[in-house]
Amino acid sequence: MNIGILSGKGGTGKTTVSTNLALTMKANYIDCDVEEPNGFIFLNPKDIKTKDVGVDYPFIDKDKCSLCGECVKACQFNALAKVKESIILFDKLCHGCAACQIVCKYNAIEYKKRKIGIIEEGHHKELICKHGILDIGEPMAVPILKELLKGLPEGVNILDCSPGTSCNVVNTLHHMDVAVLVTEPTEFGLHDLKMAVELVRIFNIPFGIIINKHIIGSTIIQDYCEKENIPLYGVIPYSREAAKAYSNGNMLVDLEEYKDIFEKISEKG
């Protein structure tokens, strides 16, 4: 079973919820926020193994190339350009679709691999922990995400998604059995939560909401859940003690009050 943890915006506490739920449910933790993964800071997995992730890019044989420019016309991503006596490649724009290779009549194009990031896998006690890391300066995270989600471990997996409703989140949605949307009790939190709700409804994925950093007296999210008939899985209160534990890289489930909250949330599944 794959449980996706989403948030309409950054800073709601998605990774806090993901890592603490993974420990509570004894579930594998998969950090899908490959542009800024930070779950390993809290889980601190051991025996980490690293694998490079590469993407295809066209290599042009200048001895065979006639400079006809058909490859440039075929590229829908403007990754190729014809200048004077050569065809130049903007490799970070290339999507590896191979259209340029298909239209080349002179067999002047072959595809090679270039590294764009890594995947790391380790263990926290009996749990498998994985994350992807996109290299600095690389614009496309989806290839790393697809490799990360290929062959997920058996059992229950917590998929800690990227914030927002980007392509990265959409690619992760294809692997979810259920979604948990983490929000905060603010107008900004509610605004972006609505976009996340719309997204999971499009994919027809069962979901519920967790309110993080809840302040007594605020009912803005509860009112929305009641109006939209959305299950409220749990409410995690804001406290100075929790903020201090988080800032030191400690787990909330080590605090008795929060341990009980996460156990009740895990029983909702």
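Which residue in S11 is the bridge partner of His214? Pro237 in S11 takes that place, and the sections below build up the picture around this pair.

## About the model

This is a predicted model, in which local features need pLDDT of at least 70 and side-chain atom pairs count only at pLDDT 80 or more, while totals for chains, interfaces and linings use all residues. Residues are numbered from 1 along each chain as its sequence is written, and side-chain values use heavy atoms, with hydrogens and water left out.

## Overall layout

The protein chain has 10 helices and 11 strands. Both are DSSP runs numbered from the N terminus, with at least four residues (H or I) for a helix and at least two (E) for a strand. Along the principal axes, the C-alpha atoms of the protein chain fill a box of roughly 70 × 45 × 30 Å. Of its 269 residues, 50% count as buried; buried means under 20% relative accessible area, exposed means over 50%, and partly exposed lies in between, with a 1.4 Å probe and protein chains only.

Two domains divide the chain: domain 1 covers 2–50 + 116–267, and domain 2 covers 62–107. These bounds come from an automatic or database domain assignment. The centres of domain 1 and domain 2, taken over C-alpha atoms, are separated by 41 Å. Among contacts (heavy atoms within 4.5 Å) between residues at least 6 apart in sequence, 69% join residues at least 24 apart.

## Strands S9, S10 and S11

Let us return to the opening pair and its strands. S10 runs parallel to S9, joined by five bridges, and parallel to strand S11 (residues 232–237), joined by four bridges. Two strands pair if DSSP finds at least two bridges between them. The chain crosses from S10 through H8 to S11 in a right-handed β-α-β crossover. Right-handed here means that, with the strands pointing away from the viewer, the path from the first strand over the helix to the second runs clockwise.

S10 is mostly covered, with seven of its eight residues buried.

## The nonpolar cores

A nonpolar core is a set of buried Ala, Val, Leu, Ile, Met, Phe, Trp, Tyr and Cys residues joined through side-chain atoms within 4.5 Å. The largest one has 37 residues, of which Leu6, Leu181 and Ile209 touch the most other members. Elements giving two or more residues to this core include strand S3 (46–60), helix H5 (142–149), helix H6 (167–173) and strand S9 (178–183). H7 gives the most to this core, with six residues. Apart from it lies another core, of 28 residues, among them Ile3, Ala22, Ile158 and Ile210.

Ile209 touches, among others, Leu181, Leu193, Ile221 and Leu232, not counting residues up to four places away in sequence. Asn171 is found in helix H6 and counts as buried because its relative accessibility is 19%. Leaving aside neighbours within four places in sequence, Asn171 is in contact with Val142, Leu145, Lys146 and Leu149.

## Tyr111 and Ala98

Tyr111 sits in strand S6 (residues 109–124). Beyond its neighbours within four places in sequence, Tyr111 contacts residues including Asp56, Tyr57, Pro58 and Ala98. Its side chain reaches the backbone nitrogen of Ala98 at 3.2 Å. Such a polar contact is a pair of N or O atoms within 3.5 Å; within protein, one must be able to donate a hydrogen and the other to accept it, and residues adjacent in sequence count only if both atoms are side-chain atoms.

Ala98 itself is found in the loop between strand S5 (86–89) and helix H4 (99–103). Ala98 counts as buried because its relative accessible area is 17%. Its phi is near 75 degrees, a positive value in a residue other than glycine.

Lys82 is found in strand S4 (residues 80–83) and, at 46% relative accessibility, counts as partly exposed. Leaving aside neighbours within four places in sequence, Lys82 is in contact with Leu67, Val72 and Ile87. A polar atom of the Lys82 side chain lies 2.7 Å from the backbone oxygen of Leu67.

Asn229 lies in the loop between H8 and S11. Asn229 is exposed, with a relative accessible area of 70%, and its phi is near 60 degrees, a positive value in a residue other than glycine.
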